[in-house]
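Hi there,

Here is the structure I promised to pass on to you. Have a look at it first, and then read on for what turned up in it.

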Amino acid sequence: MLGFLQGFSYGLFMTCLPWLLVGLFNPSLALPVAAQGRLQVIFRYCLVVPFISMLLWLTSLWGGFSPSLIGWLTGIVAIPVLLPVERTLRGWLARRRERRREAQRVADAHQQRAQEERKAHEAGVVVLDPAKPPVGADELVLAMCRAKQGLLEVNRPDLAILADRLYSRYRHVMDVLSGRFHSGELAFERSRGLVTQVCLGGVDTLTTMASHARGVVRVDGDYVRRRLAQEGKRLSEEERVALVRRLDLLVETEHRLNELSARIESALTVLDDTAVSMARIETARPQASVTTEKALEDLRRFVEGADRYARKD
């Protein structure tokens with residue numbers, strides 16, 4: 001066994017220089033990770049592997065055995081055999097970390113969605129359930145449900161809450177219109193048509209937001225920022241440019257989503273203005289024959305002269 005270790009250490013040490021030259025020519029041939037550069041090649045084959053071979057050689061000196069041929073041949077082929085194994089192991093670990101990050105993102109999205117829904121309930125916003133639309137929902141409400149489902153599929157519950165707010169405003173405006181006009185009146189039909197068009201425009205905006213968010217749903221901004229921060233000095237120029245471009249895509253998408261959110265807010269403001277204006281309209285026939293001020297004045301004079309009606313014995 002000790003002779004095998006001696007031969008293995010000799011063979012391993014002999015391969016350091018050839019693999020160093022190969023790695024300096026093309027780092028991807030001598031390293032398990034293609035993204036690493038020549039500095040990692042020098043560190044690996046000038047320090048790490050010689051240190052391992054020296055440690056094995058010193059360990060094998062116990063007993064004074066001579067190196068074996070099998071150990072020497074094994075040391076020569078150790079690096080080309082272990083490189084694919086290390087690549088496979090690193091790939092498996094990277095995929096495992098990616099699955100964990102994906103699971104964490106999904107859990108965070110669900111938690112954020114629950115928080116947004118709780119805030120919506122507290123604020124009096126009706127929360128739409130895309131899987132269970134409201135009973136008697138028309139095509140507009142179903143379109144809102146589909147738009148919200150699209151935003152939830154791209155893990156953007158912070159934007160999906162806009163669909164709930166739009167539905168709440170729509171239902172409130174329709175309640176106000178129903179209280180001010182009869183369903184067959186021309187004013188009611190005209191108002192409902194305009195409100196529907198505004199809401200349909202909001203649904204189109206929500207659908208566009210889902211499309212934009214879907215384009216960067218697989219871009220992990222936190223991972224890119226960590227890699228640029230932790231390995232910024234060791235990254236190649238090509239990889240640095242690629243990572244910076246990913247961040248630019250995220251920033252551009254968020255900027256566009258903010259612009260679309262502002263468009264939704266404008267639609268909500270129009271619906272609020274409509275509800276307030278319609279609520280001020282008095283369509284019912286007044287039941288009192290005199291004004292409130294005149295009735296109050298007459299009642300006050302009656303109370304002042306009520307003593308005249310007292311019985312005098």
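Arg-90 counts as partly exposed, at 36% relative accessibility; the class partly exposed lies between buried (under 20% relative accessible area) and exposed (over 50%), worked out with a 1.4 Å probe and protein chains only. Arg-90 also forms a salt bridge with Glu-86, with the closest N and O atoms 3.2 Å apart. A salt bridge here is a side-chain nitrogen of Lys or Arg within 4 Å of a carboxyl oxygen of Asp or Glu. Because Arg-90 and Glu-86 are four residues apart in helix 5, about one helical turn separates them.

Before going further, please keep in mind that this is a predicted model, in which local features need pLDDT of at least 70, side-chain atom pairs count only at pLDDT 80 or more, and totals for chains, interfaces and linings use all residues. Residues are numbered from 1 along each chain as its sequence is written, and side-chain values use heavy atoms, with hydrogens and water left out.

How confident is the predictor? The pLDDT is its confidence in each residue, from 0 to 100. The protein chain averages a pLDDT of 78, and 81% of the residues score at least 70. Confidence is highest in helix 6 (residues 139-153), at 90, and lowest in helix 11 (residues 292-304), at a mean of 66. Where pLDDT is low, the predicted coordinates should not be read in detail.

Now for the overall build. The protein chain has eleven helices and zero strands; helices (H or I, at least four residues) and strands (E, at least two) are DSSP runs, numbered from the N terminus. Of the 313 residues in the protein chain, 32% count as buried.

Back to the charged pairs. Side chains of opposite charge can pair when their charged atoms come close. By the rule above, the count comes to 14 salt bridges. One of them joins the side chains of Glu-265 and Arg-165, at 2.6 Å from N to O. This pair links distant parts of the chain, 100 residues apart: Glu-265 is in helix 10 (residues 237-280) and Arg-165 in helix 7 (residues 157-180). Glu-265 is partly exposed, with a relative accessible area of 31%, and Arg-165 is partly exposed at 23%.

Arg-256 and Glu-259 also meet in a salt bridge, at 3.2 Å from N to O. They are three residues apart in helix 10, so about one helical turn lies between them. Arg-256 is partly exposed, with a relative accessible area of 30%, and Glu-259 is partly exposed at 37%. Elsewhere, a network of salt bridges links Glu-98, Arg-101, Glu-102, Arg-105 and Arg-218.

What about the surface? Patches are made of residues with over 30% relative accessible area and no salt bridge, joining like charges within 9 Å and nonpolar side chains (Val, Leu, Ile, Met, Phe, Trp, Tyr) within 5 Å. Accessible areas come from the Shrake-Rupley method with a 1.4 Å probe, and for residues only the protein chains shown count as cover. Phe-43, Leu-47, Val-48, Phe-51, Ile-52 and Leu-55 make a nonpolar surface patch of about 580 Å². Leu-47 lies in helix 4 (residues 38-60) and is exposed, with a relative accessible area of 52%.

A patch of positive charge gathers Arg-95, Arg-96, Arg-99 and Arg-100 on the surface. Lys and Arg count as positive and Asp and Glu as negative, while His and the chain ends are not counted; the place of a charge is taken as NZ of Lys, CZ of Arg, CG of Asp or CD of Glu. Arg-95 sits in helix 5 (residues 69-122) and is partly exposed, with a relative accessible area of 47%.

Best wishes

Terms used:
pLDDT is the predictor's confidence in each residue, from 0 to 100.
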